[in-house]
Amino acid sequence: MNAKIKVKIFGAFPESFVNSAAAEGIELWRLERINEHSLCFDTFESCTEHLEQIGEKCSVEMEIKKYRENLMDIRLHIYQ
């Protein structure tokens with residue numbers, strides 16, 4: 001079973017991250033704009049490594065929360 005994760009991204013151009021993820025075939029759902037520089041969405045945990053690579057390429061900060069019975073296991077990745 002492929003666990004679901006909730007991802008928040010922060011950066012100057014979060015749309016670039018979403019476009020790159022979509023171009024790579026990564027499924028994103030519940031996409032929501034938080035503000036001008038932040039978005040959140042759900043995807044599969046198996047995509048984490050690939051998302052981290054895209055985050056680095058797009059210079060975004062990314063926060064990942066794994067779904068269990070409640071949201072747990074926060075990991076924060078910051079790319080400069």
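Is Asp 42 buried or exposed? Keep that question in mind while reading these notes on a predicted model; the reply comes in point 1.

1. **Asp 42.** Asp 42 is buried, with a relative accessible area of 1%. One partner is Lys 6: the two form a salt bridge in which the closest N and O atoms are 3.5 Å apart. Because Asp 42 sits in strand 3 and Lys 6 in strand 1, this pair ties together parts of the chain that are 36 residues apart in sequence. Lys 6 counts as buried too, at 18% relative accessibility.

2. Taken together, Lys 6, Arg 30 and Asp 42 are linked in a network of salt bridges.

3. **Arg 30 itself.** For comparison, most residues other than glycine have a negative phi. Arg 30 belongs to strand 2.

4. **Two further places with positive phi.** Ser 59 is not a glycine either, yet its phi is positive, about 55°. You will find Ser 59 in the loop between helix 2 and strand 4, where it counts as partly exposed at 42% relative accessibility. Gly 25, which follows helix 1, has a positive phi near 85°.

5. **Another salt bridge.** How many salt bridges are there in total? The count comes to four. One of them joins Glu 15 and Arg 33, whose closest N and O atoms are 2.2 Å apart. Glu 15 lies in helix 1 and Arg 33 in strand 2, so this pair ties together parts 18 residues apart in sequence.

6. Helix 1 covers residues 14-23, and its buried residues are Pro 14, Phe 17, Val 18, Ser 20 and Ala 21. Seen down the helix axis, these buried residues fall within an arc of 165°, so they line one face of the helix. Which residues are exposed on the face turned away from the buried side? They are Asn 19, Ala 22 and Ala 23. The cover over the buried residues of helix 1 includes strand 1 (4-10), strand 2 (29-35), strand 3 (38-44), helix 2 (48-58) and strand 4 (61-67).

7. **The nonpolar core.** The largest nonpolar core has 16 residues, and those with the most contacts inside it are Val 7, Ile 9, Phe 17, Ile 26, Leu 51, Ile 54 and Met 62. Strand 1, helix 1, strand 3, helix 2 and strand 4 each supply at least two residues of this core. Beyond its neighbours within four places in sequence, Val 7 is in contact with Leu 39, Cys 40, Phe 41, Thr 43, Leu 51, Met 62, Glu 63 and Ile 64.

8. Ile 54 is part of helix 2 and counts as buried, at 4% relative accessibility. Setting aside neighbours within four places in sequence, the contacts of Ile 54 are Phe 17, Ser 20, Ala 21, Glu 24 and Ile 26. Ile 54 and Phe 17 are 37 residues apart in sequence, while their C-alpha atoms are 6.6 Å apart in space.

9. The mean pLDDT of the protein chain is 84, and 82% of its residues reach 70 or more. Over residues 69-75, however, the pLDDT is below 50, and this stretch has 16 contacts in the model beyond near neighbours in sequence. Where pLDDT is low, the predicted coordinates should not be read in detail.

Technical notes:
Residues numbered from 1 in each chain as written. Predicted model: local features only at pLDDT ≥ 70, side-chain atom pairs only at ≥ 80, totals over all residues. Heavy atoms only, no water. Buried < 20%, exposed > 50% of the residue type's maximum accessible area, 1.4 Å probe, protein only. Helix = DSSP H or I, 4+ residues; strand = E, 2+ residues; numbered from the N terminus. Arc of directions from axis to C-beta. Contact = heavy atoms within 4.5 Å. Core = buried A, V, L, I, M, F, W, Y, C linked by side-chain atoms within 4.5 Å. pLDDT = per-residue confidence, 0-100. Salt bridge = Lys/Arg side-chain N within 4 Å of Asp/Glu carboxyl O.
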